[in-house]
Amino acid sequence: MTRATLERKPLVRGIERRLFLRQTLSLGALVMLGGCDISDQDSVQAVLRAMSRWNDRAQALLFRESRLAPTFAESEAVRDFRYNAYFPVEAVPKLSADDYRLELSGLISDKRPWTLERLHALPQESQVTRHVCVEGWSMIGKWRGTPLGTFLQRVGADLTAKYVGYRCADGYYGSIDMPTALHPQTIMAFGFFDETIPAKYGFPFKIRIPTKLGFKNPKWVTTLYVTNRPTGGFWEDRGYNWFSGL
Amino acid sequence: MTAAVVRPATPRAAVPRPAVLHPLSRRIMHWLNALAILIMIGSGWRIYDSYPALSIDFGFPPAYTLGGDLSRSEALNNEDGLANALAWHFGAMWLLVINLAVYLIVGFVSGHFRRDFLPLRLSGLIHDFVAALRFRLAHTLGEYNAVQKFFYWGVLFALLVTILSGLSIWKPVQFHELTWLFGGYEFARVVHFFGMCAIAAFIVVHVALALLVPSTIVAMVLGRAPRGHHHSKKKQP
């Protein structure tokens, strides 16, 4: 077709052709990005991981120990809190209060295991804060427990170390940075509302950290350790950002 | 300084080359911005799908989202490709924000905004908007009409709102005043979503019009458009 015949065509036809071209181009670009996917290539994954480590450092710089998470009225808190784990609620670990021992290891001077009775004797405080999940949902809850910093001091942990790691009864594992571990709102939550924390929310305790995404709030904790070596974590080893601060 | 350097006159073609419309720096920033926005929206759609911010039943087809093959990450990681999308989103945000910051600084300092995006008057905007609706708005390369100026200010504003609401979702503790300003964590997600919609709407119009006047694309790649390739003509009503 010559240029002259093309130009004699009605304007609308020309626009239609161009719209079609535009749609084809943009769809093509998106399919290229989404479908046949560059995301799964090793080189792309390596770049994304490097950016994630960069974001760990950036978030650590943004974090302030004096910066408190907003708190809410108890009436805003949800009692029927969303259960969330990588397995169904029927499969949650049901630990015995009598047999439970919290194991300690790493850079801690007094590594004797703690019974639940001794843990419950520690000073406790309540908080009504927003739990923000990496998936996008959020919920306000009320938790009661002992500041992790108080506990770490009590057992003689090296507070200049970089990380506090955790291992859980369900095989979950991970770590947080020491500044977050010492944040006043980071608590070993033995209670949900005014009751002992139920199994589905992490009995005997979850580490409630309102300055971090939900998956950095481990439930059914059985071991705490202090270390200077990066540890990764259950979801972190599956591509999620390690610091995940709020 | 010693003797003046006398340059030999370079023999030039008889036809002078058209003036540079977009300096190299602006062209680089434009295409970096395009790349960053494409990644942000593609990965953002995957993140949205993970837990939609809107209460209506709406999701993006996974094939149009960025974050790797869904069944692969299900099999490998027991998750629906959210990790990958988040990694893209929080990686490309630095490209977007740094590039945009440089663009804004250069735009103000160099006078690009003042020269090309101003003045913008309501009367002129209404006049040009009506003309555009009647397909009677002329496009002159290197010169923006009132509708274009309005759209460029509009998309800059949408970018600002989307970036700030995004920051308030990313850091609702460290920047909780900002989160409060956007109506709290949940509502900030909705603001972020509609900011994306505004940017996406701009892109659709922007790309469609660029394809109608292809010399603009040549100019945004090469800096200047060959004269014969400029299809747009002044139309008299």
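## Sheet in chain A

Strand β5 (residues 163–168) and strand β10 (residues 221–227) of chain A pair in the antiparallel sense over six bridges. Strands pair if DSSP finds at least two bridges between them; helices (H or I, at least four residues) and strands (E, at least two) are DSSP runs numbered from the N terminus. A:Val164 stands opposite A:Val226 in β10(A).

Both strands belong to an open sheet of five strands in chain A, ordered β2-β1-β10-β5-β6 with mixed pairing. At the edges stand β2 (114–115) and β6 (173–177) of chain A, each with a single partner strand, so one side of each has no neighbour in the sheet.

## Basis of the model

The model is predicted: local features need pLDDT of at least 70 and side-chain atom pairs count only at pLDDT 80 or more, while totals for chains, interfaces and linings use all residues. Residues are numbered from 1 along each chain as its sequence is written, and chains are lettered from A and ligands numbered from 1 in the order in which they are written.

## Interface of chains A and B

In chain A, 38 residues are in contact with 38 residues of chain B (C-beta atoms, placed from the backbone, within 7 Å). Two or more residues on the chain A side come from each of α2 (11–34), α3 (42–62) and β3 (125–132). The most come from α2(A), with eleven residues.

## Helix crossing

The axes of α3(A) and α3 (residues 82–110) of chain B come within 9 Å and cross at roughly 65 degrees; axes are lines fitted to C-alpha atoms, for helices over the stretch in contact, and angles run from 0 to 180 degrees between N-to-C directions. The contact is made by A:Leu48, A:Met51, A:Ser52 and A:Asn55 of α3(A) with B:Ala87, B:Trp88, B:Phe90 and B:Gly91 of α3(B).

Note on methods
Contact = placed C-beta atoms within 7 Å.
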